[in-house]
Amino acid sequence: MANFIKYTLAVLLSLQLCGCNNEQKMYIITKSLIGRNLNTDWQKQYIPNRNYEVIDKSDLSIVVYASDQLCDSCFISYIAACKEYMNSYNMYDLNYLIISSRPLNELEKAMLLSKDSETVTIIHDCDKMFLEKNHIEKYTDPYRAFLVNQNKKILLIGDPVRNNNVANLYDKHIREYFNN
């Protein structure tokens, strides 16, 4: 019963926080993704180069698929904003993972220019399969961001860097998770 209440609450909060006018679409997206496990079985390379699954090493992770449509400076600004967002979570076992299929040299350059950090990792989607393996290729960027637990279960949907309401929801959930 408690899981049902949490699920219903997550769906209702996501509907309330959505910036789009199509509540039915948001309901369908949220219902289809909350509680599902992210598939991490695809070819990837970590930047900076790490030889372990970062997503398996943290209690919670924010996983974002960054569009290839962003220009270089926008992508670098986005990485910087993610690092800024993570500053308030230094004491928690939390990672921010940015997945992108941009050319590898662009990703390495972006990470260098944005001053490397332990809290944000870029993952190169080498074979461009992350979206397809997770059945989210039809969704737009705001719905390609997730808070996941160590088992890769999707707990929340939305990009906390791009939406203050989503950031507040993530903050509440993260603090409750680590304070229990």
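**View 1. The largest nonpolar core of this predicted model has 30 residues.** Those with the most contacts inside this core are Tyr85, Leu94, Tyr96, Ile98 and Ile174. A nonpolar core here is a set of buried Ala, Val, Leu, Ile, Met, Phe, Trp, Tyr and Cys residues joined through side-chain atoms within 4.5 Å, and buried means under 20% relative accessible area (1.4 Å probe, protein chains only). Two or more residues come from each of strands E2 (60–65), E3 (94–100), E4 (120–125), E5 (145–149) and E6 (154–157), and from helices H4, H5 and H7 (164–179). H4 gives the most, with seven residues. Look elsewhere and you'll find another core, apart from this one, with 17 residues, among them Ile34, Trp42, Tyr65 and Tyr139.

The model is predicted, so local features need pLDDT of at least 70 and side-chain atom pairs count only at pLDDT 80 or more, while totals for chains, interfaces and linings use all residues. Residues are numbered from 1 along each chain as its sequence is written, and side-chain values use heavy atoms, with hydrogens and water left out.

**View 2. Zooming in on Ile98 and its contacts.** Leaving aside residues up to four places away in sequence, Ile98 touches Val64, Ala66, Phe75, Tyr78, Ile79, Cys82, Val120, Thr121, Ile122 and Ile123. A contact means heavy atoms within 4.5 Å.

**View 3. Leu97 sits in strand E3.** Leu97 is buried, with a relative accessible area of 1%.

**View 4. Helix H4 (residues 72–86) packs against helix H5 (residues 104–113).** Their axes, lines fitted to C-alpha atoms over the stretch in contact, are 9 Å apart, at an angle of about 50°. That makes H4 oblique to H5, as angles under 35 degrees count as roughly parallel, over 145 as roughly antiparallel, 65 to 115 as roughly perpendicular and the rest as oblique. On the H4 side, the contact is made by Asp72, Phe75, Ile76, Ile79 and Lys83; H5 brings Glu106, Leu107, Lys109, Ala110, Met111 and Leu113. Sorted by class, that's seven nonpolar, no polar and four charged residues.

**View 5. Stepping back, the protein chain has seven helices and six strands.** Helices (at least four residues) and strands (at least two) are DSSP runs, numbered from the N terminus. Along the sequence, they follow the pattern α-α-β-α-β-α-β-α-β-α-β-β-α. Of the chain's 180 residues, 47% count as buried.

Note on methods:
Axes are lines fitted to C-alpha atoms, for helices over the stretch in contact, and angles run from 0 to 180 degrees between N-to-C directions. Ala, Val, Leu, Ile, Met, Phe, Trp, Tyr, Cys and Pro count as nonpolar, Asp, Glu, Lys and Arg as charged, and the others, Gly among them, as polar. Buried means under 20% relative accessible area, exposed over 50%, partly exposed in between (1.4 Å probe, protein chains only).
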